[in-house]
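I opened this entry to record what I looked up, region by region. My notes follow the order in which I consulted the structure.

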Amino acid sequence: MLHLTLRQLKIYEAVARNLSYSRAARELHLTQPAVSMQIKLLEESLGLPLFEKLGKKIYLTEAGREMYRYSRAIAEQLVEAELVLAELKGMERGNLKISVASTANYFATQLLASFRQTHPQITLNLDVTNREALLGQLDQNEIDLAIMGQPPDGHDLIAESFMENPLVVIAAPDNPLAGQKNIPISRLAEETLIVREEGSGTRSASERFFQSHQIAPLTGLVMNTNEAIKQSVQAGMGLAVVSLHTVSLELETKRLALLDVAFFPIQRYWFIVHRKNKRLSATAQAFRQFLLDEGKAKKAF
Ligand code: PGA
C-alpha cells in the first residue's frame with residue numbers, strides 16, 4: 001500500500017497538469033515552497049522521481065506520467081463520490097454537461113428546451129462540436145453525455161440509438177438535377193461535392209458510402225459548418241451530402257432542393273453516449289431516458 005495523502009495527490013495532479021510549481025501553487029492557494037515540499041515528500045515515499053528539470057522547465061518522468069494518470073482518475077472518482085453523496089442527501093445539484101455533434105444541434109436544443117421545462121432547476125452546459133472532438137471529451141471524462149453518430153469500438157462507451165439520421169443529397173433549386181427521378185449514383189462522380197471537415201461524422205459516413213459504391217466525387221470544397229455548406233450549395237457552388245435534420249427549413253422554403261439519387265438516403269442513427277464506467281447523476285439519467293422516450297414517441301424506427 002502506498003503511503004501518500006489525498007492532499008499530496010491533489011498537489012501532484014495540479015503540478016503535473018500545469019507542469020509548473022508556481023502555477024499549481026497559485027491554483028491551490030498555497031506557497032511555492034509548500035508545494036515543492038509536498039512533491040518532495042511524495043517522491044520520497046514512492047522512491048522514484050516524478051519530475052525532471054531541464055533548463056527552467058520541468059517534465060514528467062515515466063513514473064510521473066503513470067502517477068498523473070492515477071491521480072486524475074482518483075480526483076475524478078472523488079468528484080463523482082461527492083455528487084453521489086449530495087444526491088443521497090437530497091441536494092441534487094442538477095448539473096448536466098452535454099456535448100452534441102454540430103449536426104445534432106439542429107434538434108438537440110429543442111429537446112433540451114422541453115427537458116428543461118420539466119426540470120427547471122438544472123444547470124445546463126451545452127457544447128457543440130464535431131464527432132472527433134466529442135470522442136476526445138468522452139475519453140477525458142469531461143462530459144456526462146454526448147449526442148452523436150454511432151461511436152467506434154475501443155472507447156469503452158455505452159451508446160444507445162434513439163432517432164434516425166438520414167443523410168441526403170442537396171442542390172440549389174435551379175440545378176438541372178433538381179426534380180429528376182432516380183438519378184444514378186454514378187452521376188455524382190461528375191459533380192463537385194462540398195464536404196465537412198476531417199473529423200466530421202457526416203463526412204466519414206459519406207466517404208464510406210461512396211467507397212462502397214466505388215464512386216469518387218470531386219471534393220475540393222471543405223467547410224467546417226453545416227451552415228456554410230448550405231449557403232454554398234444555395235449559391236450553386238456544388239452539391240452536398242448532409243443530414244436531413246439540418247435542412248428542413250430550407251427545403252420547406254424551397255431555398256434548397258433534395259435530389260432523388262439512387263441508394264440515398266444513407267441511413268444513420270443518433271446515439272446518446274456515455275462512458276461505460278461513469279456513474280450518471282440523476283439529472284443525466286433523466287435526460288438519457290427522456291431522449292430514449294422521445295425517440296420512441298416520434299416512431300423514429
Ligand atoms: P458531425 O455529426 O458531422 O457534425 O460530426 C456527427 C455524426 O454524424 O456522427
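I located Y70 in helix α4; helices (H or I, at least four residues) and strands (E, at least two) are DSSP runs, numbered from the N terminus. This is a predicted model, in which local features need pLDDT of at least 70 and side-chain atom pairs count only at pLDDT 80 or more, while totals for chains, interfaces and linings use all residues. Residues are numbered from 1 along each chain as its sequence is written, and side-chain values use heavy atoms, with hydrogens and water left out.

**Surface patch**

I looked up the exposure of Y70 and found a relative accessible area of 48%, so Y70 is partly exposed. Buried means under 20% relative accessible area, exposed over 50%, and partly exposed in between (1.4 Å probe, protein chains only). Y70 belongs with L6, I74 and L78 to a nonpolar patch on the surface, and together they have about 380 Å² of accessible area. Accessible areas come from the Shrake-Rupley method with a 1.4 Å probe; for residues, only the protein chains shown count as cover. Patches are made of residues with over 30% relative accessible area and no salt bridge; like charges are joined within 9 Å, and nonpolar side chains (Val, Leu, Ile, Met, Phe, Trp, Tyr) within 5 Å. Helix α4 (residues 62–88) supplies the largest share of the patch, three residues.

**Confidence**

I then checked pLDDT, the predictor's confidence in each residue, from 0 to 100. The protein chain has a mean of 91, and 96% of its residues reach 70 or more. Confidence is lowest in α4, at a mean of 87, and highest in strand β10 (residues 257–258), at 98.

**Strand β3 and its partners**

Is strand β3 enclosed or open? I noted that five of the seven residues of β3 (residues 95–101) are buried, so the strand is largely enclosed by the rest of the structure. The chain crosses from β3 through helix α5 (residues 105–118) to β4, and this β-α-β crossover is right-handed: with the strands pointing away from the viewer, the path from the first strand over the helix to the second runs clockwise.

Two strands pair if DSSP finds at least two bridges between them. β3 pairs with β4 (residues 123–129) in the parallel sense over seven bridges, and N95 has T123 as its bridge partner in β4. β3 also pairs in the parallel sense with β5 (residues 145–148), over three bridges; here S99 has A146 as its bridge partner.

**Salt bridges**

I counted a salt bridge where a side-chain nitrogen of Lys or Arg is within 4 Å of a carboxyl oxygen of Asp or Glu. The count comes to 14.

Which residue forms a salt bridge with E27? I found R17, the closest N and O atoms being 2.7 Å apart. E27 lies in helix α2 (residues 21–28) and R17 in helix α1 (residues 6–18), so the pair ties together parts that are 10 residues apart in sequence. E13, R17 and E27 are linked in a network of salt bridges.

E227 and K230 meet in a salt bridge at 3.0 Å, N to O. Both lie in helix α8 (residues 226–234), three residues apart, about one turn of the helix. E227 is partly exposed at 35%, whereas K230 is buried at 3%.

Finally, I looked up E250 in helix α9 (residues 248–252). E250 counts as buried because its relative accessibility is 8%. E250 and K230 are 20 residues apart in sequence and 8.7 Å apart in space, C-alpha to C-alpha.
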